[in-house]
Amino acid sequence: MALNNVKKYIPQGYNARVSGNAAFFEVPMGEIVQVVLSFAKLEQMQLKIITASDERKEQRCFKIFYIFGIPKEHLFIIPFIRLEGTEEFPSVAPGIHEAWNYERKIAAFFGLKPVGHPDSRRLMLHENWPDNLYPLRKDFPWNSRPAHANGKGYAFEKIEGEGVYEIPVGPIHAGIIEPGHFRFNVAGEEILLLEARLGYTHKGTEKLFETLPLQDKVRLSEKISGDSSFSHSLAFCQAVEILAGIKAPDRSAFLRVVYAELERLSNHFGDIAFIMLDTGFNFGGAHGARLREMTMRIADRLTGSRFLRGVNAIGGVTKDIASQEQEWLLRELKHIEKDFSEVISIAQESESLLNRLKKTGVLSQETALAHGVVGVPRRALGMPIDARIQYPYAAYADLDKEIALAEGGDVYARFLVRVKEVHTSCNLIKQALERIPQGKILTEGGNISLQKEEMIISIVEGWRGEIVHVVSTDSHGQIARVDVRDPSFLNWAALGHAGPGNIVPDFPLINKSFNLSYSGNDL
Amino acid sequence: MAYIILWIIQLLLIPLFSPLCVGIIRKIKARMQNRQGASIFQPYKDLWKLLHKDEVISQDASWVFRFAPFVVFGATLAAAAGIPTVTILMAQSFTSDIIVFIGVLAVGTFFLALAGMDTGSAFGGFGSSREMTISALAEGGLMFSLLALAFLAETTNLFGIAEAMASSVFALASLLPIGLAFGGFFIALLAETARFPFDNPATHLELTMIHEAMILEYSGKRLALMEWASANKLMIFMTLGASVFFPFGIDFSLSAVGITMGMLAWGVKIFVFCCAIAILESSMAKLRFFRLPDLLLISFILSVVAIGLIIA
């Protein structure tokens, strides 16, 4: 069945290897740009990620995979190219803007040069990292410390003219937040150009995935972005479960929904609080923080971890929710949802708050599409994108759900999407607890053996947006490569475009309305 | 002699109690957010702590940066010396003239802005440019709101105004201009003392700061002086508002009982002002920067209308 579904998407003349819900086919280097461009034009195809792998040892080549997803059908079409005896590949970035940073990342970490890419600056790795040292190549000594290099400074984009000046902000900020550098070009208070430079929290996550033992890999996936511990570990565990041929018990699929929505709830409460606090609306800030704390305490009581760490395991979850706890959870949720509605109705009566949120930080539909923006900012433009519906996982296919949308693409729209999602999350938890079957929560697998030379794409809708994990194995059945795409990776590139036209004092508010992860981006 | 002692006591009241005001406002705000909040004496402890800390001064800093905290702090003391607090004395002194009072405060603001730009950091420059935009516009409202009272009292001496306001019973018709002038004054107060909706004294967001951005480079003892000076400025404006617009309980007799009553009345009035500011800051969001001039224009217009009503 899957085979026929997939076949219609494969251009004529290519032989596809179909495995599970993915179709792989090799494309000669000269034709890849054309193939990828034709896919990108199709409305039903979404570029999910462009990833590379170093297979010089086994196949004497690098490979670059262009992974496209087909929503609803939940299929993946994966053209790939083979780089034999060359370290250059044709760039698709001039045709598909979304590919821009994927290719820069491949250039920085694999040392493969995207020919024709308009931006040759190194992504993420800073000036203190030596040239010609590429951490994701297999021969890179991961446990040694490279010599300190003194490279040339990073060439920020610049606007020149009378009265235009630059403001460097960060990487260390006045509050306790992650590090990142922002370069503003402003005329008076108005932002003309905004560029973010990240990479300060680069910690070699993808390399560590290749070296750590399997159980530690699960723990590592929880640390990709601390606030999305559960979603990231879920994406990773799902991929490994498919590779190992393990089916997580039905009960665990429902529990995963409950935990994932709890994570979404506490983060959305936090974001809503901070958006209000950044306008100086202290009432909303205080109550949002209170609701977040209540939700995290629920997580702590149910699992022993406020961030839901140690809950996901390969083959299910480790923490069950007993029936009296379920009743307690429902009561608490009802209480929290009522509280939340009251707070929001008071906030929406505050003229001064709404005035700050509306028309601030507008992201245009065109920019969002070009950058492949995912998650909350995309839904704030009225564009339905939600992996829980388009690529259903865990027990989401069995639950009724609407995609929370808002119009306008401004700070207020992103605020509204979060408010709506709080209610859908509460509703999803309720539904999941009503329909949860009895049974085991974890498939004990004994020795886990993985399929050989396979690549699995696992998608999870984290609270920021779509999280993609690509897990591939080598000819020994060992995990050879894990590529992690946090939603922040795409959304950071678009954030710079929401700034211009606004005034500098409004930027923190705009930034907060996106609330992107530095850690998840820098890996 | 008694005059001089009283004058010194009156002068010291401002810096002595100004950190307490800041503490009270923070406490009320915390309570309104369902938080316990720090003790109302915390600002004193903070000042004490900062006074015992070493300083880091940028190597690019000039004498302006080193010197400014003393000028800024000194300016608040000089201004404090010229305003009626608990008793009406030295009504003939020239330092309590409206123009002199506003001028002395402007000297402090001027040096504060210079110090912000001195080290060449982007945020300091930001703060200074914003502060100048706002204080240039706020000055009009402040000046004219006090002038409205000056027309009524027929003197520009602040003590004289307070005395006139307290002693003579104005016609009911003049309540309206006084009310309007107070509206103008209160908006100018919020702007001058870096409170909502102009500035957020509690923010950690360097890009949104006004006052805090200017003192971002300060540390240790000089930071303590800067913090103390801004607390003083808040106290001065609240005291001025309390004494000239609501001169109930101000002492004329220079007797012990009268002065005690004067201090009590002063304390109560300042507490009411603190509550008003705290409630305002808890219930609204900060305005967008470019809407601030509109608000300051309202302050100016209210004051001008008040003057118009008084003259007519």
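A search of the whole structure, which is a predicted model, finds zero disulfides over all chains. One cysteine that shows why is B:C275, because its sulfur lies 6.9 Å from the closest cysteine sulfur, that of B:C274, too far for a bond. A disulfide would need the two sulfur atoms within 2.5 Å. B:C275 is buried, at 19% relative accessibility. The cut-off for buried is under 20% relative accessible area. Another cysteine, A:C61, also counts as buried, with a relative accessibility of 1%.

Chain B also holds helix α11, which runs over residues 292-311. At 1.5 Å a residue, the 20 residues of this helix should span 28 Å, and the C-alpha atoms at its ends are 29 Å apart, which agrees. The buried residues of α11(B) are B:L292, B:L295, B:L296, B:S299, B:S303, B:A306, B:I307 and B:I310. Seen down the helix axis, these buried residues fall within an arc of 125°, so they line one face of α11(B). What covers them includes two helices of chain B, α5 (122-153) and α7 (175-192).

The last stop is in chain A, at A:E73. This residue is found in the loop between strands β4 (61-70) and β5 (75-83). With a relative accessible area of 33%, A:E73 is partly exposed, because that value lies between the 20% and 50% cut-offs. Leaving aside residues up to four places away in sequence, A:E73 touches A:N5, A:K8 and A:Y9. A:A322 lies 249 residues from A:E73 along the chain, and the C-alpha atoms of the two are separated by 35 Å.

Definitions and conventions. Residues numbered from 1 in each chain as written. Chains lettered and ligands numbered in written order. Predicted model: local features only at pLDDT ≥ 70, side-chain atom pairs only at ≥ 80, totals over all residues. Heavy atoms only, no water. Buried < 20%, exposed > 50% of the residue type's maximum accessible area, 1.4 Å probe, protein only. Helix = DSSP H or I, 4+ residues; strand = E, 2+ residues; numbered from the N terminus. Expected span 1.5 Å × (residues − 1). Arc of directions from axis to C-beta. Contact = heavy atoms within 4.5 Å.
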